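Student: I have a structure open on my screen and would like to learn how to read it. Could you walk me through a few features?

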Amino acid sequence: MKMAIMGAGSIAIKMANTINGMPNVEAYAIGARDLERAQAFAQQYNFTKAYGSYEEMLKDEEIDLVYIATPHSHHYKCVKMCLEAGKHVLCEKSFTVNAAQAREILAMAEEKKLLLTEAIWTRYMPSRKMINDIIDSGAIGEVTSLTANLGYELSQIKRIWDPRLAGGALLDVGVYLVNFARMVFGENMTDIQTSAVFKDGVDMIDNITMIFDGCKMATMQSNVYAAQNRTGCIFGTKGYIEITNINNPEEIKVFNDQYQEIAAYLPPKQITGYEYEVEACARAIANGDLECPEMPHAETIRVMEIMDGIRASWGYEIPICE
């Protein structure tokens, strides 16, 4: 599979390192708004072709899949460009700025019979099944609650503090928490309460409490103004699970109701963790599927709707990039 990347920032570098380590994926094309930058990226990360505009890159008929690594504010337009050019797309999270944008481009992809999926890596990782298997085994009894946090000190990074780039904690790291809770408790959320600390026009720290059917509660904090321990804990009637780094699980420990460790699991070795979403895309394209089962279109839209509702409760609306 010949893969192209749209955008040449830090996330693009991580994907480039990923596909360079995958035997059945070729680092084929990089597109940036500046040819010299694209050429330097191509040389450093072994890409076959470099393009100084996205439009020029999308004319290349050899491309099988485009990974979008631009800021959140540009995802909608970049996806539309790719679909109009007949390209399958893997779009970095958060998928779009709002649910309306998500619905439009997903409908467009389905109409054109092209794969379009959200690159939220935690949905594709083997660790997701590992956690589900522990819960399903009954090792911690009936699951009733969870806590989680995800935070990095990113306050000086432009895509975080600039409202015009859809900055803030929610779209950058809070999206992982919303997905984490839904991966554990399912789709039937009955209530949500949130609060946020704003600085210079964007949310920097968010508290999110979600309640699900069956009296289950998720209590979480996202933060782009401090380094947090990124721990997730899932609590049940017979014990609990402790996950080191919910963003890319490093270890999963199981404890009984006497607080004794009874099991510990390590996820399989990985290139970067991004390879699983690329593999899912390759399978979908080979099968002629228009979505990846790991992150169905309906779930992408629902998560965007939840985040729309969170921002509305704050009285905050993200400026739309023109």
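**A helix, a sheet and some cysteines**

Tutor: Gladly! Let's start with R182, which lies in helix α8 (residues 169–185). Helices (H or I, at least four residues) and strands (E, at least two) are DSSP runs, numbered from the N terminus. This is a predicted model: local features need pLDDT of at least 70, side-chain atom pairs count only at pLDDT 80 or more, and totals for chains, interfaces and linings use all residues. Residues are numbered from 1 along each chain as its sequence is written, and side-chain values use heavy atoms, leaving out hydrogens and water.

Student: Is R182 buried or exposed?

Tutor: Buried means under 20% relative accessible area, exposed over 50%, and partly exposed in between (1.4 Å probe, protein chains only). R182 has a relative accessible area of 5%, so R182 is buried.

Student: Which residues is R182 in contact with?

Tutor: Contact means heavy atoms within 4.5 Å. Leaving aside neighbours within four places in sequence, the contacts of R182 include E187, E299 and R123.

Student: How do I read strand pairing?

Tutor: Two strands pair if DSSP finds at least two bridges between them. Strand β7 (residues 143–151) runs antiparallel to strand β11 (residues 232–236), with five bridges, and L146 stands opposite I234 in β11. With strand β10 (residues 216–223), β7 pairs in the parallel sense over seven bridges; there S145 stands opposite M217.

Student: How many disulfides does the structure hold?

Tutor: A disulfide is a pair of cysteine sulfur atoms within 2.5 Å. The structure holds zero. For C292, the nearest cysteine sulfur, that of C281, is 4.4 Å away.
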